[in-house]
Amino acid sequence: MSELIMILVGGVKIGSIYALAALGIVVIHKATRVVNFAQGGLVLLGAYGAYVFIVEMRWPYWMAYVVIPAIVGCVAVLIEIVVLRRMRRGDLFPVVIATIFLGIALSEGYRLSTRAEILSVPSFVSTMPFVIGSVVISPEQLWVTFGALLAAAAGIAIFQHGRVGRSMRAMASNVRGAQLCGYSIDRVYGMTWFLGGALAGYAGVFTAPVRGVSSELAIATVAAAFVAAVIGGFDSLIGAVAGGLILGVSETLAAAYISSAMKSAISFLLLFVVLAIRPQGLFAPKKVRSV
Amino acid sequence: MFNVARHRPLFIALAPLLSVVAVVGLGAAVDSYWQYVLGMSLSAMLVGSALVMLTGYARCITLATGSIMAIGAYASAILTVKSGMPFAAAVIAGAIMGGAGGFLMALPSVRFRSHNLAMVTLVFQEVVIILLREWKSVTGGAEGLNVPAPHLFGVTISNDFIFLIVLAVGTSVGLLPLSILLQGAFGKNLRAMACSEVAARAYGINVKRNLIAAFTISSFAIALASALMAPRLRIIDPDSFGILPSIFALAYPIVGGTTSIWGGILGGGLLRAMPEILRPIADYIELGEALLVIGIVLFLPGGIIELFNRLHKIVTRGHFVKAGKLPDFISSERPPERGKLCSGENVAWAARIEELSVRYGALKAVDQVSLNVRQGTIHGLMGANGAGKTTLFNAVSGFIKPSGGSISVFGEALDGLLIEDRIRLGVTRTFQNVAIFSGLTCLENVKIGLGRNDIGTALARSVHGTFDTIRAREESETAMRALHSVGLSAYAYVRSELLSLGNQRRLELARAIVSNPKLLLLDEPVSGVAEEEVSKIHELLRRINRDHGITMLIVEHNIGFLASLCDRLTVLNHGRVVAEGEPKATVSLPLVRDIYFGEALVA
Amino acid sequence: MTLFVKNLGVSYGRITAVKDLSFSIAPGESLALLGPNGAGKTSAVESIAGLIPKAAGSVVFDGVDLTGRSADQIVKKGIALVPQWRELFPSFSVHETLLAAVGAARHRQPVKLDTIYEYFPALSLRKNQAAGSLSGGEQQMLAIGRALVTNPRIILLDEPSAGLAIGIARSLVGILSRIRDSGVGLLVVEQNLELARSLATSCVVLAAATTRWRGEIDHALHSDELRRAYFE
């Protein structure tokens, strides 16, 4: 039983990082209709940024949690302005291709800037485990879990409440109506990409000490984030978080009780099952009649 | 007399093989290492061409190319090693298994579009790689599998140049059918589908089946390419067929060009050889390729082929016939008086609509409408916005499922019949927002109207087209006649998107009548058309109705046009029939005027 | 503070929706745009409002050339549109919808929400109700209210009475008359001539993208031009 709890804790920890990455994808898709396959690359950027900030520059660790997401957010806005803005009126096919290869460009750019297979980043809090009853957990696990979920909650709060979020939700709901209120598509899309990028940046900063920084991180993260987003229901913020947690827990359970090969397979199995039975996702928002 | 024009399709189909010959020719002049590189290029040319079909024409984003290549390579290698199958047979077997894999992958995927479709292919990709990694006893697991040198006709091929020739032959075996299909009816149908799913379905193109076919055929070719190359790679392992190679394969059609097989040949051949040609900066190649793709998508969406097209246009100044002097096909006879068109008691009903209802929740868009259209007549349908005429129209043409009532055409019930199948009953339609297939010529657009578009027939027609058989020529002639009857024969080989709106509407009409339909549904045929053209279309429709006896049901907002054209007019308001009868009289009814000037609002 | 529309042309690809439309509206003035379906009235107002690009002509307001500007920029200059399909946000509450317009129109000194609720008491009873669950008339009120929040000098209305019961339509017209009398210019696209007459004195009649007639509405009702525009 205690073993199960420890496995679940591990699963929730990894799941909360997936949740962050998935949330970024869903935020961008909800407000701009673009599917951001480059999200994994942005997470990698955040992780690498954390490495540079903390290990190479030796700047205060806590500042990384503020600065890195902001930087990644800015890179995301750059992507929107330089690449995607031109393609806004056309069909989505070239946009998907563009984001796929942007993600590749980011991970290749990373691979070229460092010779190491994998870079390791120390944890923010102690990794010394402590014991509660018969369960062994570490402060690091708690920090990553709560920190990531807190960042996700903040992201959701920004989107659901407040002026900026209102502009994003209005755009998401009806672009023409939003424009008639006075919202500019350029500005709202820019802010949306910043938010999506910042969430990816947070995912990166939390992931770096947990999994290290490597070029596989980009593809692995974007695949996991997508699976989580689809499971949750592509346009539901809560769904993205829930999907991430479900995925993280399933992977960890599968790895522990079945085999490590199943760990990779389980996410795709889950995806397949959800797409087969409930393609709109587990937490899909109700279809509201347009007015 | 050797008629070059007649054999043009055959030459076009065979031309890609010239590039294979060119590569072999080049191989004769270089050393063993470069022969190996050229071999890889050949293989990539085949993969690129296959992806032109799937990603270029059918617009499916596939992340599973690596897994299909893995199936091809592993299947043929295992068959060679474990059961001593001769090389050629093993390669074909590997290709067939790849095709089967593509088929299996397509079955669940084609329900989805865009990113969801990509995700399902990703599932397939990952599952295959995991299987290959775990099934150690058969595949050797992560360490890989040794692939022996190929045996052909009792000889072991160890010479790189001979192997290049073998590759060339194998690649040609894959390229030829792709070439025939891409330039033939099957390829045209795929492009039509990607252009307007709605119009494609109306003319018998079943979207799901075509996508499955595209997946299967392209997977066969991809697996073939990989199986051919495997012996030269000597060792194959699961990781070399992962997601990254899959994504980079997408670059072949995108960079080369998505509109013709040459894009795949160019993109595949060039991009695969790049890392070898640019050896000194090999490390930066992948980043360069990714940036190249992004640049192409932004600035040259048609790919490198597009550059050649533009050059060609500048050099030949195009053959664009200016809109202007159209041959005048408008008859100067006065149309026979209406009422004399239908004879006596034995009136056949072209369409019987009985108590038809369409409900959206509590809203009754169409409320128990009964309407009968006499054979050979033109029947008009009018009403204010929201009156239900578009909904009624869509129910008859199969785009909406009615909540009640029945529709029958020439005695056959339409209930539950798929859109793709209605054309077989002789029902065709035009669309309010002109839904011609851009990227295809006018003649190609009209040929799709013939409705011979189920998979088997489309594949067969592609072959017929290449060999310019009697059947292919008959089809062309029928299509030309239809173009002639709407006055567009001068535009037969012009790309349809270059026409003016009025001409595009004529093209839609030609497409709708070429199959000699029994019932033609016209959705706002003069909406947005310039005034001078409106009267021309009026005459055209009258003439088609008279000469071909095609029954028409027309929805229009232009009341003057409609009332002077149709034999009988039905007026809808709030989903109900409020008036029906002789057009001029019906339009003069005070009730009808009130609808338009606004006294009758919802109570 | 006058809106000058000169030789406006609107095209969608090959389709000419509007050709050579010209008129002017000053604050306090009102103009009706009449004509049958497909005449180009909606394309005209949406183009002026910046939702669709113009193909030709110019739109000048208060001396500023607005040609080619996007919808949000035009709202910020003081021209608001109540579109034909309302384009509300189904999951937003009444209050939040109005807040959305406040947020975006900050530097126009947005109208206080209390004033909007005074114009539309029915809305103030439903402040927290989702826009998607409102009745047709209430949704129309919300759409007009949303436009009002941005403190416009000119309001464009595309078929404000469409789909509404005649009683509700008449009361809306009453509110719109009050708004007009408070100094806001009104351009109304209306199919219902009775309502058009209550809101505007002059009109422009469109059919098949071209201007058929312009003048006093009463005159139009008695002349042949209107009947011809609709039925020929």
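Predicted model: local features only at pLDDT ≥ 70, side-chain atom pairs only at ≥ 80, totals over all residues.
Along the principal axes, the C-alpha atoms of chain A fill a box of roughly 60 × 45 × 35 Å. Of the 291 residues of chain A, 56% count as buried. Contacts in chain A between residues at least 6 apart in sequence can also be sorted by separation: 76% of them join residues at least 24 apart.

The chain opens with helix 1, which covers residues 2–32 of chain A. At 1.5 Å a residue, its 31 residues should span 45 Å, and the end C-alpha atoms lie 44 Å apart, which agrees with that expectation. Helix 1 of chain A is largely enclosed by the rest of the structure, because 23 of its 31 residues are buried. After this helix comes Arg33(A), whose phi is positive, near 65°.

Chain A touches both of the other chains considered here, beginning with chain B. In this contact, 29 residues of chain A meet 30 residues of chain B. On the side of chain B that touches chain A, helix 5 (114–134), helix 11 (243–256) and helix 13 (282–299) each supply at least two residues. Helix 5 of chain B gives the largest share of that side, twelve residues. By class, the side of chain B that touches chain A holds 21 nonpolar, three polar and six charged residues.

The contact between chain A and chain C takes 18 residues from chain A and 26 residues from chain C. Here helix 6 (162–173) and helix 7 (175–181) of chain A each contribute at least two residues to the side of chain A that touches chain C. That side of chain A divides into six nonpolar, eight polar and four charged residues.

Chain B also contains an open sheet of six strands, with the order 10-11-12-7-13-14 and mixed pairing. Its edges are formed by strand 10 (427–429) and strand 14 (576–581) of chain B, each of which pairs on one side only. Neighbouring strands of this sheet are turned by 20° against each other on average, direction ignored. Within chain B, strand 11 (residues 519–523) and strand 12 (residues 551–555) pair in the parallel sense over five bridges. Asp523(B) has Val555(B), in strand 12 of chain B, as its bridge partner.

Key
Residues numbered from 1 in each chain as written. Chains lettered and ligands numbered in written order. Helix = DSSP H or I, 4+ residues; strand = E, 2+ residues; numbered from the N terminus. Expected span 1.5 Å × (residues − 1). Buried ≥ 20, exposed ≤ 12 C-beta atoms within 10 Å, placed from the backbone. Pairing = 2+ DSSP bridges. Axes fitted to C-alpha atoms, helices over the stretch in contact; angles between N-to-C directions. Contact = placed C-beta atoms within 7 Å. Nonpolar A, V, L, I, M, F, W, Y, C, P; charged D, E, K, R; others polar.
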